[in-house]
Amino acid sequence: MKNKYLQRLELKIYLEITVVYVVLGVATWLLLEAFVPEGFTALYPSVDLFYWICGMALNYFLFRNRLKGGNSLLNTFLMVRTIKFVCVIALLMVGLMVFQAHKMAFTINLLVNYFVYSAFELYIYYRYNKRYGDAPKK
């Protein structure tokens, strides 16, 4: 059975991820519309959806990993970050091949989301590690 505090923390982080990405998606869309009106592409929503799914996956794996000891929390965090980085490179290549006319807008959108997500990802890890740490549970 899960700890009630753990359940609340997990739900709170899921909600924070969702709110941050809704706000970031709207802000990025407004910036693209203001500075690069032709830059809105059909692939634009997929970038935000990709990062939202990455955030949910990170949260899921961190919360499922809490009972293992040693460096497993850090290892899980780094594994998720590595997989995300490889997927970002793949998404960038596909986006640049598919949307030749809007390369700049797509790249800016992808990179802004990448940097914001990376900072938010560290925040999630810090909050989780602050509460549970890497010490084995008895």
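What follows is a short exchange on a predicted model.

Student: What makes Asn-59 count as buried?
Tutor: Set the value against the cut-off. Buried means under 20% relative accessible area. Asn-59 has 0% relative accessibility, so Asn-59 counts as buried.

Student: Where is Asn-59 found?
Tutor: In helix α2, which covers residues 44-64.

Student: Which residues is Asn-59 in contact with, leaving aside neighbours within four places in sequence?
Tutor: Glu-10, Ile-13, Tyr-14, Ile-17 and Ile-124. The test for contact is heavy atoms within 4.5 Å.

Student: How do you know what span is expected for helix α3?
Tutor: Take 1.5 Å times one less than the number of residues. Helix α3, residues 72-98, has 27 residues, and 39 Å is expected. From first C-alpha to last, α3 reaches 38 Å. That is close to the expected value.

Student: Which residues of α3 are buried?
Tutor: Ser-72, Leu-73, Thr-76, Phe-77, Val-80, Lys-84, Val-88, Leu-91 and Gly-95. The list includes Lys-84. Each falls under the 20% cut-off.

Student: How many helices and strands does the chain have?
Tutor: Four helices and zero strands. From the N terminus on, the order is α-α-α-α.

Student: What share of the chain counts as buried?
Tutor: Of its 138 residues, 38%. The chain exposes about 8,200 Å², and carbon and sulfur atoms supply 74% of that area.

Student: What share of contacts join residues at least 24 apart?
Tutor: Among contacts between residues at least 6 apart in sequence, 80% do.

Conventions
Residues numbered from 1 in each chain as written. Predicted model: local features only at pLDDT ≥ 70, side-chain atom pairs only at ≥ 80, totals over all residues. Heavy atoms only, no water. Helix = DSSP H or I, 4+ residues; strand = E, 2+ residues; numbered from the N terminus. Buried < 20%, exposed > 50% of the residue type's maximum accessible area, 1.4 Å probe, protein only. Areas by Shrake-Rupley, 256 points an atom, 1.4 Å probe, with all protein chains shown as cover.
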